[in-house]
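The sequence and the model are shown first, and the description follows.

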Amino acid sequence: MRHILSLLMENEAGALSRVSGLFSARAYNIESLTVAPTEDPTVSRMTVVTSGSEQIIEQIGKQLNKLVDVIKVVDLNEYRHIERELMLIKLTAQKEFRDEAKRMVEIFRGRIIDVTENTYTIEMTGTGEKLDAFIEALDDSMILEVVRSGVSGISRGDKAIQS
Amino acid sequence: MAKKKEILRGAEIFCRALKDEGIKHLFGYPGGAVLHIYDELYKQDAVEHILVRHEQGATHAADGYARATGKPGVVLVTSGPGATNAVTGIATAFMDSIPLVVFTGQVSTHMIGNDAFQEVDCIGITRPCVKHNFLVKDVKDLAETIKKAFYVATSGRPGPVVVDIPKDVTADSCEYDYPKNIDLRSYRPVVKGHPGQIKKAAKLILSAKKPMIYSGGGVILSEASKELTEFSRLLGYPITNTLMGLGAFPATDKQFVGMLGMHGTYEANMGMHHCDVLIAIGARFDDRVTGDLEKFCPYAKIIQIDVDPSSIAKNVPVDVPIVGDVKHVLTDLISILKTEKDKPDAKALKEWWKQMHDWKALDCLKFDRTTDVIKPQYVVEKLWELTKGDAYVTSDVGQHQMWAAQFYPFDKPNRWINSGGLGTMGFGLPAAMGVKLAFPDETVACISGEASLVMCIQELSTCLQYNTPIKILSLNNRYMGMVRQWQEFFYSSRYSHSYMEALPDFVKMAESYGHVGMRIEKSSDVEGAIKEALALKDRTVLMDFVTDQTENVYPMIAAGKGHHEMHLSSDTDRELA
């Protein structure tokens, strides 16, 4: 099953490679991994999307916790949570296709953020599924480039995951 | 007015920090990147530097020192090849959770990443085989990083820590302030076990009809041998130790049923298979212990006590997990058991012990005592007799390691020193040297084989230079014995590259290093030779025992089989169920 793990870790050189190294050394799956500093510049937040049996997910959590740089590990699946991903996508948009592309972007609540004579560049956020759906709705030949950020997640309600 | 702090160079800070940490021995080998440090070592005498002959020897010696004393072993090597040579020893310590602090030189900070002379990405190379590692980029961080390294290496589940120090950091200066304590917000090992879980465990323990205590290296690391012994005697349950846990419970005690696992005793493995409550204490359910996981302890409820949460239920589902330091958890368990009204089921236990004795009656460790050719088991047994079971014994890896574990019953912890997890050939000799430095007045023996021994043979020079008179017992069967055994069993006796041709004359070799060499060819000469070697108190002795080439280690559970599917010997070759 797919799980979203949210990690707080020391913002130290090499911390990312400790996590990615752990996943490869123990043959765990990584679907996506994002990392950036938090409001406290000494702490980074990492969001890892992984999959595996309950036993594997439990081990991943324990192994991550064991890393000396890791302050906290939370499995967001255990909480009501929101996940979002950012996608930047460049489409060919010429003549008669220009209007159709614009309509599609509106339907999916994206924004056109760059325009040339031949292309639109679109910004879109949502769950991974929504972004997948947008890509599927387009004609393959229209897509020039896709850049996705990987998933970020946060728990709903008053509870905050802090160091 | 506060005392003005001293301004010291990085290299001086290094030496002072070791002194303030109470370090007495440093195992190392110099090179370009650590020359500032070596210059400072020359000027001080608080820390004795032991010059090894290969960096692998430095890490193994420090490792042996740590296993025997319970204190961290400390290593200093240079950058590049110095660091890579140390990696095998670091990985060895990592697999067995041994506290080491390994300092590696690094090229100067402005050169890092430029493919400079003797540069490797030491942090990258060692990352998967250390508990943690640090690159010190600024001399201001040096003292605190050294403190952190010792703290991380020795606390929680211990392990090796690497500190990579660029050359310019050792030349730069700053105020010296060695912290007394360190607190890392991201690293706070659990010590006490959860009281509710401990109560639950006590209840389950007392409900057992066919209990087994299965304890491992964690008991020795936690210095909980006394508590384990009290706990076991209080209950009167059978106890087995893993290879790493030997000595934590007295092996000559009548409750001890021997080592378990691939070459464990029949009674220990059958006990595991048939038990209804398994009490795992500081043991990690390694594949050499469990055999086929599908067939592992099919009837048992399992309690597992471990300081490392990731060890719990990693391979085998556990009914009552307890995260905590073994020593603390056992102390809590003992106090509950003492006040508890319920007692162990004496009648069931009597039945269980009867079953144990029936299994034991098969005498699974018997070997042929009538031959004139030397049986390797006999050599180990004699060593045990002649040292009154009280020597420190290191070993290498292979058949001789298993025979040492089977035929030298250890009654005390920290006496049995071997590479269990990684299985590193070449470990025994340097490890023995490290032990002897820690305990100059104790008998230190290295049980080895001719294949393992030569992997770190160069350390014989170090033994001479620092006067560490160890006794090496090489069980020389002219084969990589365990490889040969597997080839006999599983590859139709095709002995592919396991025969050691062109062996050196070990007697002359020992002599050329300034030691005593002996070659023993007859069973009747074994006792005399060991006696003679032990009498040479101030000399390192290499005993080259020419042993039976075809002897195999029994009993044996083939890989992928269950505990109840043991082979007892080649002539019967019976599988017992």
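## Chain A: elements and dimensions

How many helices and how many strands does the secondary structure of chain A come to? In this predicted model, chain A has 4 helices and 8 strands. Read from the N terminus on, the order of these elements is β-α-β-β-α-β-β-α-β-β-α-β.

The C-alpha trace of chain A spans about 55 × 35 × 30 Å along its principal axes. Of the 163 residues in chain A, 26% are buried. Among the contacts in chain A with a separation of 6 or more, 73% are accounted for by residues 24 or more positions apart.

## Helix H1 of chain A

Helix H1 of chain A covers residues 15-25, and its buried residues are A:Ala15, A:Arg18 and A:Val19. These residues cover an arc of only 95° around the axis, which puts them on the same side of H1(A). The other side of H1(A) carries A:Ser17, A:Ser24 and A:Ala25, which are exposed.

Several elements of chain A cover the buried residues of H1(A), including strand S1 (2-10), strand S3 (43-51) and helix H2 (54-66). After H1(A) comes A:Ala27, with a positive phi near 55°.

## Chain B: elements and dimensions

Chain B contains 22 helices and 22 strands. Its radius of gyration is 25 Å, close to the 25 Å given by the globule rule for 577 residues, so chain B is as compact as a globular protein of that length. Along the principal axes, the C-alpha trace of chain B spans about 70 × 60 × 40 Å.

Buried residues account for 54% of the 577 residues in chain B. Of the contacts in chain B with a separation of 6 or more, 76% come from residues 24 or more positions apart.

## Helix H22 of chain B

In chain B, helix H22 comprises residues 526-535, of which B:Val526, B:Ala529, B:Ile530 and B:Ala533 are buried. Viewed down the axis of H22(B), the buried residues fall within an arc of 95°, so they line one face of the helix. The face turned away from this buried side carries B:Gly528, B:Lys531 and B:Ala535, which are exposed.

Against which elements do the buried residues of H22(B) pack? Their partners in chain B are helix H15 (376-386) together with strand S18 (471-476), strand S19 (516-520) and strand S20 (541-546).

## Nonpolar cores

In soluble globular proteins, nonpolar side chains tend to be buried together. The largest nonpolar core of this model has 199 residues, and the members that touch the most others are B:Val75 and B:Leu278. Leaving aside residues up to four places away in sequence, B:Val75 touches B:Phe27, B:Gly28, B:Ala58, B:Thr59, B:Ala62, B:Ala86, B:Leu100, B:Val102 and B:Phe103.

There is also a second, separate core of 11 residues, with A:Ile89, A:Ala93, A:Ile122 and A:Leu131 among them.

## Contact between the chains

How many residues does each chain bring to the contact? Chain A provides 17 residues and chain B provides 12 residues. On the side of chain B that touches chain A, the residues divide by class into 5 nonpolar, 3 polar and 4 charged.

Definitions and conventions
Residues are numbered from 1 along each chain as its sequence is written. Chains are lettered from A and ligands numbered from 1 in the order in which they are written. This is a predicted model: local features need pLDDT of at least 70, side-chain atom pairs count only at pLDDT 80 or more; totals for chains, interfaces and linings use all residues. A nonpolar core is a set of buried Ala, Val, Leu, Ile, Met, Phe, Trp, Tyr and Cys residues joined through C-beta atoms within 7 Å. A residue is buried if 20 or more other C-beta atoms lie within 10 Å of its own, exposed if 12 or fewer, and partly exposed in between; C-beta atoms are placed from the backbone. Two residues are in contact if their C-beta atoms, placed from the backbone, lie within 7 Å. Helices (H or I, at least four residues) and strands (E, at least two) are DSSP runs, numbered from the N terminus. The radius of gyration is taken over C-alpha atoms; the globule rule is 2.2 Å times the number of residues to the power 0.38. Ala, Val, Leu, Ile, Met, Phe, Trp, Tyr, Cys and Pro count as nonpolar, Asp, Glu, Lys and Arg as charged, and the others, Gly among them, as polar. The arc is that of the directions from the helix axis to the C-beta atoms.
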